[in-house]
Amino acid sequence: MTSLSPALKQATPVVVDHALGSWIHGTDGKDYLDFTTGIGVTSTGHCHPKVVAAAREQVGKIIHAQYTTVMHKPLLELTEKLGEVLPAGLDSVFYANSGSEAVEAAIRLARMATARPNIVVFQGGFHGRTVAAASLTTAGTKFSAGFSPLMAGVHMSAFPYAYRYGWDEAAAVRFALQELDYLLQTRTAPNDTAAFLIEPALGDGGYLPTPPAFMEGLRERADKYGIQLIFDEVQAGVGRMGKFWGHQYSRATPDILITAKGIASGFPISAIAASTETMSKAWPGSQGGTYGGNAVSAAAGVATLEVVKEENLVENSRIRGEQLLTGLKDIQTRFPVIGDVRGRGLMLGIEFTGEDGKPDASTAAAVQQATTDQGLLTLTCGPAGNVVRLIPALVVTAEEIAAGLDRFEAAVGAVVG
Ligand code: PMP
């Protein structure tokens, strides 16, 4: 009998029958409160009626209009809608299918725009699974071990991980910026450096918001040296962090912004945005792909952006996120095994640590499994695997957050007593 590859690692045994809003109904007959949202994808909740209707309608019109052959209306509409939310000056958009592909497109663009080879990434960053994207990923060796050689020209600098250093945030930012300056003096000269690539919050690398002062320090250096600043908003964007873009907690804006996941509520589409001036440094035909900017995905994207606006989902993310964070901090007071609780909006991480303060991956893994038993779906993340991450849908209600907190506490209690 044919089966799925064991290279897929399953976080839960749940098989979905159907899903709606924040809830997944399993073939086991149980209802699960979904705080994973397909890894931060189903922003408007599962099967939002407006998204479903837009996709259904588009399927009956045209499913695949290859965008370098014939253009289609949904992509033009999505581009216009994105224009309402993109940072000022980023007025040119290129579409692909996945986050990884968009990351690759951003790197290609940064290299072409600067005629420089090197990319600087920050420890714990996750940028995807394709070989180039995996080369930019430092969220754990599991994302690259065993299939080297990776893409050349990637240099890693420190991330200001205040909690792990045992420092305050300002000290961690000072340290990480000094490390970056040192890297530019010792390993990749500014004239050889095309881009800094960073997430507004580490995602797979531990659900750790990037301090605004660090983003601003990167912006200063990017301006000084003509380096492209790329913000990977694949996981953090579209309201996930309680602002439309995660980087909006800082004063820094990117030269190139990458988006995917939440932009189309589960339909595969991704995009990069830059100024027309930067984008025109990529010669016509240098970017492309058969399925990029798919018509059904684009229609779902338009509906998603409308729902996010009409239902005030960015605001809901901020308010429900505060409720969830406050509840988790309260739970933390009863369980010393919870070392840190953090995040913004509905992108929250709970870091499990032993008595010695060291990462405790086995407790995190046991809690993640125990939440499934309690009817709450969660995931782990972090280089050590000791962070449980909560990623509810942006439509989540106060009652669902309260139920999630109860189930999470019951799961921790079941594991550590
Ligand atoms: N960048 C970030 C920040 C991500 O979180 C992810 C996916 N987890 C990716 C890139 C890669 O996206 P995809 O899995 O769609 O290729």
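Reader: Which residues in H7 meet which residues in H8?
Author: From H7 there are Val 173, Ala 176, Leu 177 and Leu 180, and they meet Ala 213, Phe 214, Gly 217 and Arg 221 in H8. In contact means C-beta atoms, placed from the backbone, within 7 Å. Helices (H or I, at least four residues) and strands (E, at least two) are DSSP runs, numbered from the N terminus. This is a predicted model, where local features need pLDDT of at least 70 and side-chain atom pairs count only at pLDDT 80 or more, while totals for chains, interfaces and linings use all residues. Residues are numbered from 1 along each chain as its sequence is written.

Reader: At what angle do H7 and H8 pack?
Author: About 25°, with the axes of H7 (residues 169–186) and H8 (residues 212–225) 10 Å apart. Axes are lines fitted to C-alpha atoms, for helices over the stretch in contact, and angles run from 0 to 180 degrees between N-to-C directions. H7 and H8 are therefore roughly parallel to each other. Under 35 degrees is roughly parallel, over 145 roughly antiparallel, 65 to 115 roughly perpendicular, the rest oblique.

Reader: Moving on. What about H2 and H10, at what angle do they cross?
Author: Roughly 150°, and the axes of H2 (residues 49–59) and H10 (residues 295–310) come within 8 Å. H2 and H10 are therefore roughly antiparallel to each other.

Reader: Which residues meet there, H2 to H10?
Author: On H2, they are Lys 50, Val 51, Ala 54, Ala 55, Gln 58 and Val 59. The H10 side includes Ala 295, Val 296, Ala 299 and Ala 300, and also Glu 306 and Val 307. By class, the contact of H2 with H10 has 11 nonpolar, 2 polar and 2 charged residues.

Reader: And H11 with H13, how far apart are their axes?
Author: The axes of H11 (residues 313–334) and H13 (residues 398–416) are 10 Å apart, at an angle of about 25°. That makes H11 roughly parallel to H13. Arg 320, Gln 323, Leu 324, Gly 327 and Ile 331 are the H11 residues, and they meet H13 residues including Ile 401, Leu 405 and Phe 408. The contact of H11 with H13 divides into 7 nonpolar, 2 polar and 2 charged residues.

Reader: Where does Ala 115 lie?
Author: Ala 115 is in the loop between H4 and strand S5 (118–122). Its phi is near 55°, which is positive in a residue other than glycine.

Reader: Which residues does the cis peptide bond join?
Author: Ser 148 and Pro 149, with omega about 5°. Pro 149 sits in the loop between helix H5 (131–135) and strand S6 (154–157).

Reader: Last one. How many helices and strands are in the protein?
Author: The protein has 13 helices and 17 strands. Its C-alpha atoms fill a box of roughly 60 × 55 × 45 Å along the principal axes.

Methods
Two residues are in contact if their C-beta atoms, placed from the backbone, lie within 7 Å. Ala, Val, Leu, Ile, Met, Phe, Trp, Tyr, Cys and Pro count as nonpolar, Asp, Glu, Lys and Arg as charged, and the others, Gly among them, as polar.
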